[in-house]
Amino acid sequence: MNKKVVTMGDVMMRLSTPGNERFLQANSYNIVFGGAEANVAVSLAQFGVNAAHITAFPANDIGKTAAAYFRKAGVDTTFISFQEGRMGLYFLENGSMQRASKIIYDRFDSAFANFSGEEIDWDLVFDGADWFHWTGITPALSQKAADLCLTALKKANQKGIMVSGDINYRRNLWQFGKGPLEIMPELIRYTHVIVAGLSDFENCMDIQANDFLEACHLAKKDFPQIKYITKTKRESLSANHNTLKGSLWNGIEILKSKIYDMPQIVDRVGGGDAYIAGLIYGLLHFPDQVALEFATAASVLKHSIPGDANFVTVEEVNDLVKGENVGKLLR
């Protein structure tokens, strides 16, 4: 029986310059839709998981187009609401060589940021669900979004569902009058798998540590329900050439994946979302070390794919883990 994973969060329209053009040069933009949590749902749908996403889109043709995009990607859009408001935007200029990529956000006051979720039937949403995923972007958008996130987490916990959260501290997002330490700790108390680096621990959990292992032990002490803590480490040699590895603390030790060299990156946006999608799939199906290797390989493959989401299969990820069919012409 296929696993069911529910995600929730804002979705933006992404407008990227063609090729490696700068904003100043561009006369047109390529459009896709994406958001941290929705990207996870798309990845999981490619893995054969029953992936459902909760969000609110503007009640206009742009909102309908966004919903159609996710349906095409295999995501269950039953729980997408159409509301008054706007679609958040972000603009991407793809860097090359030593020139960094740039992102400009125009996402405030989106339909989702103003969505109370009062009409959501949580029993229906979580019927048969194995996992719920959220990120720290959602509670940073507005008080309504933070309240909605807390409601979803409480309902998931009541039903015994595994919960993951990518803490994803974004300093510029917290503009509605509260800081992350006023909101995030309560949300994390309902979360079993977290994605966090040292800055996330400090800004969202008030944990100061000298290294990742110390931070994990302090987090477990303050948030005893945590089962796993994970992160990736990226080394940027240029805009097109990075290395990547994953780490997973399982309550006993830190597991490490092999290091991947990525010399000709096509699009790095969504690499972290592809990683957590791979880890969710992995922890639902494999032992810890295998899950970590699957997650890291999934993220590596995302760097070869334009757009926000990771359109790869379980077979393709496993091939990369095993070092098979790498870069070959498959007929």
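This is a predicted model: local features need pLDDT of at least 70, side-chain atom pairs count only at pLDDT 80 or more; totals for chains, interfaces and linings use all residues.
## Helices H6 and H7

Two packed helices are described by the angle between their axes and the distance between the axes. Helix H6 spans residues 180-188, and helix H7 spans residues 198-205. They pack at an angle of about 105°. Their axes lie 7 Å apart. H6 and H7 are therefore roughly perpendicular to each other, since angles of 65 to 115 degrees count as such.

On the H6 side, the contact is made by Pro180, Leu181, Met184, Pro185 and Ile188. These meet Glu202, Asn203, Cys204 and Met205 of H7. The residues of this contact divide into seven nonpolar, one polar and one charged.

## Helix H10

Helix H10 runs over residues 288-302. At 1.5 Å a residue, its 15 residues should span 21 Å. The C-alpha atoms at its ends are 21 Å apart, so expectation and model agree.

H10 is mostly covered, with twelve of its 15 residues buried. The buried residues are Ala291, Leu292, Glu293, Phe294, Ala295, Thr296, Ala297, Ala298, Ser299, Val300, Leu301 and Lys302. Their cover includes three strands: S12 (242-249), S13 (254-256) and S14 (260-262). It also includes helix H9 (271-285) and helix H11 (314-322).

## Cysteines

A search of the whole structure finds zero disulfides. A disulfide needs two cysteine sulfur atoms within 2.5 Å. For Cys149, the closest cysteine sulfur is in Cys204, at 12 Å, which is too far for a bond. For Cys216, the closest cysteine sulfur is also in Cys204, at 15 Å, again too far for a bond.

Cys149 is buried, with a relative accessible area of 0%. Cys216 is buried too, with a relative accessible area of 0%. Cys204 itself belongs to H7 and takes part in the contact with H6.

## Positive phi in two loops

Met97 is not a glycine, yet its phi is positive, near 55°. Its place is in the loop between strand S6 (88-93) and strand S7 (102-106). Met97 is exposed, with a relative accessible area of 54%.

Asp109 also has a positive phi, of about 65°, although it is not a glycine. Asp109 is found in the loop between S7 and helix H3 (122-125). The relative accessible area of Asp109 is 53%, so this residue is exposed.

Notes. Residues are numbered from 1 along each chain as its sequence is written. Side-chain values use heavy atoms; hydrogens and water are left out. Axes are lines fitted to C-alpha atoms, for helices over the stretch in contact, and angles run from 0 to 180 degrees between N-to-C directions. Helices (H or I, at least four residues) and strands (E, at least two) are DSSP runs, numbered from the N terminus. Angles under 35 degrees count as roughly parallel, over 145 as roughly antiparallel, 65 to 115 as roughly perpendicular and the rest as oblique. Contact means heavy atoms within 4.5 Å. Ala, Val, Leu, Ile, Met, Phe, Trp, Tyr, Cys and Pro count as nonpolar, Asp, Glu, Lys and Arg as charged, and the others, Gly among them, as polar. Buried means under 20% relative accessible area, exposed over 50%, partly exposed in between (1.4 Å probe, protein chains only). The expected span of a helix is 1.5 Å times one less than its number of residues.
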